Amino acid sequence: MSRIYIEDLANHVGEEITLHGWLYNKRSSGKIKFLVMRDGTGLVQGVLAKGQVSDDVFGKFDELTQESSFSMTGKTRAEKRAPGGYELDIRDIRVISISEEYPITPKEHGVEFLMDRRHLWLRSSRQHAVLRIRHEIIRSIREFFDNRGFVLLDAPIFTPASCEGTSTLFETEYFDLGKAFLTQSGQLYGEAGAMALGKVYVFGPTFRAEKSKTRRHLTEFWMVEPEVAFNDLNDNMELAEEFLEHIVQSVLKNRQKELETLERNTSFLEKVKRPLPRISYDDAVAILKKRGHNFEWGNDFGGADETVISEDFDRPVMVHRYPAKVKAFYMKRDPENNDLALALDVLAPEGYGEIIGGSQREDNLDLLLSRLREHELPEEAFSWYLDLRRYGSVPHSGFGLGIERTVSWICGLDHVRETIPFPRMIYRLTP
Ligand code: 4AD
Ligand code: MG
């Protein structure tokens, strides 16, 4: 395919080329008219000069409306003042489809208006920047694990049981087999994978029937979950900090232009380098108390608590050893204190809250069985999972990173809804 895109213009200066795209903007100054085309890779200004082209071609300027599709042919020229640094002296224009009056105009629109038109909103420069950064984050995640010998393990989406508590399960009828649940996390399958392949990562969509309308919650989101046999909590923290450094430094290196479009102040991002600070749950509670917050030991942190804790640090902070009773059934207890779980949460700076949740896993069959009972989970549905403790159980650990919260933090957005092409929230199922 020899199609030329706007991002490749530097390689075609002085050549006559044809570009295909949509009309982003147009303006005229007397005998010269400018058509700004977007093709998904950038913007370029086409210049139409009266007398230099046929009247027919010149007349296309009036015909083209915002978002009309067309192609333009002409010679490219470097032009410092033009957006993107190049211009095209138009010789010919071919109209492909004239757009009806486009609902999204350069004026300010409300978020709900834009969300209702999300399929069109994706055409704007700001959304391009967010989606390209999202892509870079996902690319760098795969690169990180692939370069370290992890095997990608795809977990099922229909599952027979819950992983992260029964209060946020989406259920559906499953033929004659009764109820199935949309996966909340691929972790349990990741553990089977780690016992088979040593180190794996699960990467896929996950679902939570979150009744909360916060800037951090979606009902459908993407999670990446490494799981490693023989890793303890400490190894898990080392993996998490190396992983976060890799993601953030990759975005800084490869998506500078997009960060600029978003006017992101990158000074906090530049500091995301190993080692990251590590504090215990107890230390975190002490921070809350020091800041005058009324917090009772034993509770889980809410979004507001996480913000206060993370404000003590200029980088992501790793919080370990939470009270077991606020954490999931599969977490191993701290041998030094049975009330604590060997859990790990990573809180992002600048008030973005939890981006990673993980732990060392309970590897003792009897203890795991009693945890299932305490949590009133159906033993039958977990029998395959218990097998992992029956046949060569080993210490192992892993964590899950939420993609949308990570995108939101790195882009400096104020809500996760702009971090995924088509967000699903308690009150939104369309488009
Ligand atoms: O802390 P969570 O619930 O951990 C797990 O699901 C573990 N099974 C992961 C593991 O150890 N393999 O979720 C992990 C991360 C959170 O830190 C957060 O970033 C994201 O998933 N997350 C959400 N993101 C958007 N909307 C929601 N409703 C989310 N719930 C969790
Ligand atoms: Mg969590």
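A cavity, on a 1 Å grid over the protein atoms alone, is a set of points where a 1.4 Å probe fits but cannot get out, and a lining residue has an atom within 4 Å of a point. Grid points are joined across faces, edges and corners, and a volume is the space filled by probe spheres set on the points.

Good morning. The structure before you is a predicted model, in which local features need pLDDT of at least 70 and side-chain atom pairs count only at pLDDT 80 or more, whereas totals for chains, interfaces and linings use all residues. Residues are numbered from 1 along each chain as its sequence is written, chains are lettered from A and ligands numbered from 1 in the order in which they are written, and side-chain values use heavy atoms, with hydrogens and water left out.

I begin with the cavities. The structure holds three of 30 Å³ or more. In the largest cavity there is about 80 Å³ of space. Its lining comprises 13 residues, and nearest the centre lie Thr-159, Ala-161, Ser-162, Leu-188 and Tyr-189. Eight of the lining residues are nonpolar, five are polar and none is charged. In this scheme Ala, Val, Leu, Ile, Met, Phe, Trp, Tyr, Cys and Pro count as nonpolar, Asp, Glu, Lys and Arg as charged, and the others, Gly among them, as polar.

Next, the domains, whose bounds come from an automatic or database domain assignment. Domain 1 covers 6–97 and domain 2 covers 118–418. Their C-alpha centres lie 46 Å apart. Six residues of domain 1 are in contact with four residues of domain 2, contact meaning heavy atoms within 4.5 Å.

Two or more lining residues come from each of β1 (16–29), α2 (111–116), α3 (118–121) and α4 (125–147). These elements are DSSP runs numbered from the N terminus, helices being H or I of at least four residues and strands E of at least two. Domain 1 and domain 2 each give at least three residues to the lining of this pocket, which divides into eight nonpolar, seven polar and six charged residues.

How do helices α11 and α12 pack? Helix α11 (residues 365–374) meets helix α12 (residues 383–390) at an angle of about 155 degrees, and their axes are 9 Å apart. The two are therefore roughly antiparallel, a term for angles over 145 degrees. Axes are lines fitted to C-alpha atoms, for helices over the stretch in contact, and angles run from 0 to 180 degrees between N-to-C directions. Leu-365, Leu-368, Leu-369 and Leu-372 of α11 touch Tyr-385, Leu-386, Arg-389 and Arg-390 of α12.

Finally, the backbone. The peptide bond from Arg-274 to Pro-275 is cis, with omega near -10 degrees, and Pro-275 sits in the loop between α8 (267–270) and β12 (278–280).

Notes
Angles under 35 degrees count as roughly parallel, over 145 as roughly antiparallel, 65 to 115 as roughly perpendicular and the rest as oblique. On a 1 Å grid over the protein atoms alone, a cavity is a set of points where a 1.4 Å probe fits but cannot get out, and a pocket is an open set with protein on both sides within 12 Å along at least five of seven lines; lining residues have an atom within 4 Å of a point.
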